[in-house]
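Have the sequence and the 3D view open as you read.

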Amino acid sequence: MKLRASAGAIVSLTSLLVAMLPALPAVAQNPKKDNYLRTIGLCSGLDRTPADARVAACTALIDAGQDMTPAGLAIAYNNRGNAYAAKGDYDGAIRDFDRSIELNPTYTKPFNNRGVAYLRKREYDRATDAFDQAIRLNPNYGEAFANRAGAYLKQNDFARAAQDYDEAIRLKPNLDGVWSGRCWSRAILGELQAALEDCNKALQSGPANAATYDSRGLIYLKTGELGAAIADYSSALRIDPKLASALYGRGLAKLKQGDKAGGNIDMAAAKAIQGSIGDDFTRYGVR
């Protein structure tokens with residue numbers, strides 16, 4: 001099955017990891033204080049600093065570690081891990097998150113961020129373990145609940161995913177992707193009315209995305225509202241033409257409407273993108 005990260009299950013690393021500037025102390029009586037503060041800002045990702053510049057700035061701070069507290073160094077390593085992750089270097093990111101945790105074992109962000117890096121690497125058990133650690137340190141960490149829900153989705157553990165989305169929504173109802181993610185989980189579990197309410201909430205409260213239309217299309221497919229299902233799947237495909245689940249779902253809906261040719265075309269296109277898509281829909285309870 002295609003990674004369901006597009007459903008908003010996984011919160012963006014760049015939105016989660018930027019540490020607060022005051023946490024890194026400036027050096028008193030330093031004639032190069034302005035440059036030092038600028039380096040801190042670059043490392044923290046202020047003003048959308050490019051990833052390479054963030055890595056360089058954080059490295060400069062780490063190399064001058066004698067001027068910083070262990071807590072400050074932990075933030076620098078965490079932020080450099082964030083920059084490596086933005087570059088797609090997840091192994092480098094994990095090494096820095098590990099070092100951040102060694103320096104400050106009570107700092108929750110690198111636990112969560114390490115989980116996201118493992119999630120990107122499709123190492124789902126390690127991702128879940130990292131999110132568990134973050135939540136143990138901070139039981140009110142909404143982002144970690146949302147990210148752990150995303151890991152459970154990848155493992156097809158939809159009941160646990162829905163439970164974690166419940167917690168994420170309770171803690172941070174405006175967090176990106178949580179309503180859409182819970183909609184998808186509930187749709188697969190067969191909680192169709194509750195799922196529909198979640199999808200509608202997601203579409204009303206933020207910009208439309210392919211995953212939410214895809215999820216609502218599955219709901220309508222399951223309830224037999226075939227015209228509505230086709231409309232939602234078509235909306236999803238206008239945003240993401242290569243979304244295999246939307247192509248396959250639309251094909252099934254067309255077949256059920258009697259459009260054999262159109263249905264077979266969509267389903268063949270879906271299988272060309274993702275060969276196992278039919279097995280996924282069987283697991284979702286749709287044939």
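## Ground rules

This is a predicted model, where local features need pLDDT of at least 70, side-chain atom pairs count only at pLDDT 80 or more, and totals for chains, interfaces and linings use all residues. Residues are numbered from 1 along each chain as its sequence is written, and side-chain values use heavy atoms, with hydrogens and water left out.

## The overall picture

It's helices here: the protein has 16 helices and zero strands. Both kinds of element are DSSP runs numbered from the N terminus, with helices being H or I of at least four residues and strands being E of at least two. Of the 287 residues, 54% are buried (buried is under 20% relative accessible area, exposed is over 50%, and partly exposed is in between, using a 1.4 Å probe and protein chains only).

The accessible surface comes to about 12,900 Å², and carbon and sulfur atoms own 49% of that. Those areas come from the Shrake-Rupley method with a 1.4 Å probe, and for residues only the protein chains shown count as cover. Now for contacts, meaning heavy atoms within 4.5 Å: among those with a separation of 6 or more, 54% are between residues 24 or more positions apart.

What does the chain look like over residues 74-107? That stretch is 79% helix and 0% strand, with its end C-alpha atoms 8 Å apart. Residues 210-243 come out at 82% helix and 0% strand, and there the end C-alpha atoms are 8 Å apart.

## Two disulfides

A disulfide is a covalent bond between the sulfur atoms of two cysteines. The structure holds two of them, counted when a pair of cysteine sulfur atoms is within 2.5 Å. With bonded cysteines counted along the chain, the pattern is 1-2, 3-4.

Cys 43 is joined to Cys 58, S to S 2.1 Å, and this link is right-handed, with 100° about the S-S bond. Cys 43 lies in helix 2 (residues 33-43) and Cys 58 in helix 3 (residues 51-63), so the pair ties together parts that are 15 residues apart in sequence. Cys 43 is buried at a relative accessible area of 1%, and Cys 58 is buried at 0%.

The other disulfide joins Cys 183 to Cys 199, S to S 1.9 Å. This link is left-handed, with -85° about the S-S bond. Cys 183 sits in helix 10 (residues 178-189) and Cys 199 in helix 11 (residues 192-205), so the pair ties together parts that are 16 residues apart in sequence. Both Cys 183 and Cys 199 are buried.

## Aromatic rings

There are three aromatic pairs in the structure. Rings of Phe, Tyr and Trp (its six-membered ring) pair if their centres lie within 6.5 Å, with planes under 30 degrees apart called stacked, over 60 edge-to-face and the rest tilted. Trp 184 and Tyr 284 make an edge-to-face pair, 5.3 Å centre to centre with 80° between the planes. Trp 184 is in helix 10 and Tyr 284 in the segment after helix 16 (277-283), so this pair ties together parts that are 100 residues apart in sequence. Trp 184 is buried at a relative accessible area of 2%, and Tyr 284 is buried at 2% relative accessibility.

Tyr 248 and Phe 281 have ring centres 5.0 Å apart and planes at 45°, so that pair is tilted. Tyr 248 is in helix 14 (residues 244-257) and Phe 281 in helix 16, 33 residues apart. Ring pairs link Trp 184, Tyr 248, Phe 281 and Tyr 284 into a cluster.

Is Asp 232 buried or exposed? Asp 232 counts as buried, at 5% relative accessibility. You'll find Asp 232 in helix 13 (residues 226-239); leaving out residues up to four places away in sequence, Asp 232 touches Tyr 213, Arg 216, Gly 217 and Tyr 220.

Ala 208 is in the loop between helix 11 and helix 12 (210-223) and counts as partly exposed at 43% relative accessibility. With residues up to four places away not counted, Ala 208 touches Leu 203, Tyr 213 and Ile 239.
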